[in-house]
Amino acid sequence: MKESIMIIPVFLPIFFGGGLLAFRGIENHDYYKRLTELIVILNSLIIWAILTNHIGKEGIELFSLTSWLNIYFRLDGMGMVFLGLISFLWPFATLYAFEYMEHDKNQRSFFGFYTMTYGVTAAIAMAGNIVTLYIFYELMTLVTFPLVLHYKDRESRNAAIYYLIYSIGGATCAFLGMIFMVMRAGNGIFQYGGFLDAARTENINLLLLVYVLCFFGFGVKAALFPLHRWLPKASVAPTPVTALLHAVAVVKAGAFSILRLTYYCYGADILRGSWAQKVAAAFVMVTIIHGSSMAVKEIHFKRRLAYSTVSNLSYILLGAIMMCPAGLLAALSHLVFHAFTKITAFFCAGAVMHKTDRHYIYELDGLGCRMPVTFTCFTIASLSLMGVPLFAGFISKWNIAQAALAYGGRIGTAGIGVLLLSALLTAIYMLTIVVRAFFPGRDFDYESIKDCEDPSWKMKLPIIVFSIVILVFGICSGPLLSFLELIAKGGI
Amino acid sequence: MEGSIVLLCLVFWPMAGALLSYLIGRKNKTIRDLFADFVVILECLIMVILLVQKFREPDPLVFSWDEFCMMGIHLELDGFRLLYGFIAAFMWTMTTVFSREYFRHHRNRNRYYLFTLLTFGATMGVFLSADLFTTFIFFEIMSLTSYEWVAQEENISALRAAGTYMGVAIIGGLVMLMGLFLLYDATGTLTLSQMGDAISNAVKAGSLTVSRQYLIGGLLVFGFGAKAGMFPLHIWLPAAHPVAPAPASALLSGILTKSGIFGILAVTCNLFRYQPYWGYVIVILGTLTMFLGALLALFSVDLKRVLACSSMSQIGFILIGTGMISLLGEEAALAARGTLLHMVNHSLIKLVLFMIAGVVFMNTHKLNLNEIRGFGRKKPLLCATFLMGALGIGGIPLWNGYVSKTLLHESILEYAGLFQVSSADSLIGTYTFWKCIEWIFLISGGMTVAYMMKLFVALFVEKNTDPALQRKYDRNTSYWNPESKIAILVSAVLLPVMGFFPNLVMDPLANLGVGFMNSQVPAEKVVYFSASNLEGAFSSILMGLLIYFIFVRKILMIKDKDDPKALPIYVDRWPVWMNLENVVYRPVLLMILPGFFGILCRFLDSFLDLWIVLLRKTLYRQTGKKGKIFNANFKAKMAVTGLAEKMYAGSLSFGLFLVSIGILVVLVVLFLYG
């Protein structure tokens, strides 16, 4: 029964979060926050125990609704990467949220839903078949919806409605695809190379049509153009939500699902060279450029980062649609590295907003001198996002470009061009912030920012740790990459 | 990690020193200055030791660390790299020593030291790199950290120049990266020493077409040329040098541009070994850079801007030499030596000149020639050191610039001479073309003499138009402190020493570059002071004098008409609109492209929403003027509160309703074709 441990990381946070929501009277006590952190850390420890002991290879069936509609968990290499990633980020993000939310009235419900999302995301990482993946994917929308709505003002209501409509609309497409795949291939257990038997199909175009449908369905969460609109809007949510959920957990779940769909349901062989690939590639490339351009245009700090996320999520997909192991490797590496980079950037933005209540780029002049830690870390994140060598982002971009080159042809060449153009735009939209913060100009009035200072350790610790991770991965990424390569070749 | 760890230390010691000095600087500024001196002097000493060892043991030191940053870093210390590493260390030592006085009253010094030392480490990395990936890594770091130099003063022109600098650096870096991708894809290696064979294998195997090869070369040269200040990517150079602090300008001009040249040389000597067309292109670019730089320098009235444009012009000379290496192929010994020596000479000369400009600025806080005019009168030592630099760069016999310019001139003549002996099939261009190049070369040399003379006369001979200011200048005798004095003197003494004994000093230096450039040591010793070589130099000098007395004194200086006794003043007659940056790059990059894409993006961003709105107005929303869903009365009532529209259109059920229609459509398709 070793395998059943896998269920704990899913249900512990969900039940704990539910409990938090159920008990009304605890607002006035502070201990529940400590308890939350404890539970989150405990959950991460359990996850690490699972990962290091290689539990989950066999898989465990929780229950089945019908013979083919069953909840089934299994942990393979790709799941391990995603699970490891979120289990590392979550405790830090919760710690960060303590300070960020300290003056908020509605903390109990915030932490309740926030913790529940942990369980749901873990479930997506460990989902062993398409049905489980779909169910928790839907659940994720519902759990994170209240978080977007958190401030309950006009803007966040608007954003929440957008979020819900887009997500549910997307999930519907994914639902169709799921039904199709399950009808065709039984239980739909993921396996590298795909479980759909292409040879058995008389109508390949239908298969591809369903792929495109699913691609866009899951693409909603991965903020694929033209379904990306919800993401910048959702940046009205509290920063821990935007940082962890809308830069990592939720959106990466979308990208993760697309990777599952492409490499574990269909298999790259069916799709390589097909029209479905071309359609996907076209939209992915448009998204990259579009996201970056909008980020350049945007003057709201968090929305700019959100648009940057839009573009970077499609980097992952750009790797994925190269339909080869090198592409999967590139996608996974960007999935990991971008997570660290963007969460750092968002946390820095959140720190600025929390300490100085400044939300727009033009208000950031000279802050680098008053908040050195925050802006140094932000600079590291910016450089990583641009893909400057010695920072993690460079490694994954290099991998994506290598995959594109290996694929060759028009898609490959266009892919590299898009990548470089987007890197230029990234440099513009990130460095303008850095330059403003550190070089405000000679006539700048430093008196106007004399009250600004770095946040306390609760916020600084996550930022610093993630920055160090970015540098470490940038300089020495060998072990991780060889592990990812093993996954990409179907080894684990 | 294997090989000699010393090489890694050479790169990372300054970087570690940078962080340490920053931390020290937060506590104590004096100790920080001394510590920074210590960092660079130690590095310089190590380079000297390695240089001495090199003559005893010719095998290059190598170092590789394969896990580093995925592709690994590979460092090598052959003759060329050793020489340039040494020059970098030497220049950093001198400027850092000089910085102490220069920055006495500046703020943000801690930041300056941090970034200067970081750039030092990165620059060492570029010069020691054995493969292009390593070059790229350190090149990018160098580009980003040197941004601080340009922005250091933080005034409007500095920030603007810094923006241009950063823009060019980033675009250059990305284009270079594209080249590296393609190169790696075609050959499977980025190691320079294996590149020649890999290229020829790839060409044989058909995985690399000639056009692809030239594309790769073009991309790489774009990237490196952006840093070198090659036309038409030179725009950052005249803007950035004048606004940067003088020690930083010296480094920007003396070393950072050379790192670009290093890359171009590496590409030329390894990717395009003996490919005359490549050389032809480089020579043309070099000629343009050389002539345009000299012309800009002649027109400028800002001391540091003249020096900056002069740098650009000298880079053109070096590029011509680089092109000649490719053109002459196996007989390129002279061209290769000329290129290397001119790089060395230019670095050292600009070190002296920019430090003197720093002395001027430190005392007067001005750079305009009319304002600093006469500053150098009655300051013999300053005059002498400046003269060393001016004579050096002017290519006057017995000074170091003469030697390298002679070699470059020789190589052009050598190629032109080929037209007379062999059939012209294998040659490129015509005899007339090469004669033209030679003339432009000589004229540019003459312009060099002219603008250096303009500076010299303005600073050291003429009196200021304001007699009170002149008296103040004359009384100023403590214009530099001993440290700065030593730094400038040491750097200046080198120039005539190298020029007086070319065979003794210059030849061994040139021999160091043989391995890197795949060239040979010339069979016979070059007689630098032969009649034919002197003739070229003297015709250049003569032209320079003519240009100075006719063009500069008559056209670029105007006299006040009312007062015949007044001194003529220097004016900048360069048309304002003739500025590539302001006329082409900035409008295109900052207005036209963003404008177009901005509109496109705004449209695309609401693409889906547009559809939804359209559908709501047409298919799903029959609440037009006539209103079918609600009756008129009800609607009127609701319209007052405005509730109906919001309730209906904003409700979740409406959204879900739309979605379910979509599902139905898809289901129908599935049933029909499934």
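These exercises work through a predicted model, covering its domains, its chain contacts and its core.

**Exercise 1.** Find how chain A is divided into domains, and which helix gives the most to the side of domain 1 that touches domain 2.

Solution. 
- Step 1. The two domains of chain A are domain 1, residues 1-271, and domain 2, residues 278-492.
- Step 2. Taken over C-alpha atoms, the centres of these two domains of chain A are 22 Å apart.
- Step 3. Contacts between them involve 41 residues of domain 1 of chain A and 46 residues of domain 2 of chain A.
- Step 4. On the domain 1 side, at least two residues each come from helix H3 (77-100), H7, helix H8 (230-233), helix H9 (239-266) and helix H10 (268-271) of chain A.
- Step 5. H9(A) gives the most to that side, with 14 residues.
- Step 6. By class, the side of domain 1 of chain A that touches domain 2 has 30 nonpolar, 8 polar and 3 charged residues.

**Exercise 2.** Describe the side of chain A that touches chain B by its helices and residue classes.

Solution. 
- Step 1. In the contact between the chains, 40 residues of chain A meet 39 residues of chain B.
- Step 2. Elements of chain A that give two or more residues to its side include helix H6 (154-185), helix H11 (275-297) and helix H17 (409-438).
- Step 3. H6(A) gives the most, with 8 residues.
- Step 4. The residues on this side of chain A comprise 28 nonpolar, 9 polar and 3 charged.

**Exercise 3.** Identify the residues that touch the most other members of the largest nonpolar core, then follow Met355(B) to its contacts.

Solution. 
- Step 1. The largest nonpolar core has 426 residues.
- Step 2. Those touching the most other members are Ile124(A), Leu332(A), Ile343(A), Val150(B), Val352(B) and Met355(B).
- Step 3. Helix H14 of chain B, residues 333-364, gives the most to this core, with 20 residues.
- Step 4. Neighbours within four places in sequence aside, the contacts of Met355(B) are Phe98(B), Ala246(B), Ala250(B), Ala487(B), Ile488(B) and Ser491(B).

Methods:
Residues are numbered from 1 along each chain as its sequence is written. Chains are lettered from A and ligands numbered from 1 in the order in which they are written. This is a predicted model: local features need pLDDT of at least 70, side-chain atom pairs count only at pLDDT 80 or more; totals for chains, interfaces and linings use all residues. A nonpolar core is a set of buried Ala, Val, Leu, Ile, Met, Phe, Trp, Tyr and Cys residues joined through C-beta atoms within 7 Å. A residue is buried if 20 or more other C-beta atoms lie within 10 Å of its own, exposed if 12 or fewer, and partly exposed in between; C-beta atoms are placed from the backbone. Helices (H or I, at least four residues) and strands (E, at least two) are DSSP runs, numbered from the N terminus. Two residues are in contact if their C-beta atoms, placed from the backbone, lie within 7 Å. Ala, Val, Leu, Ile, Met, Phe, Trp, Tyr, Cys and Pro count as nonpolar, Asp, Glu, Lys and Arg as charged, and the others, Gly among them, as polar. Domain bounds come from an automatic or database domain assignment.
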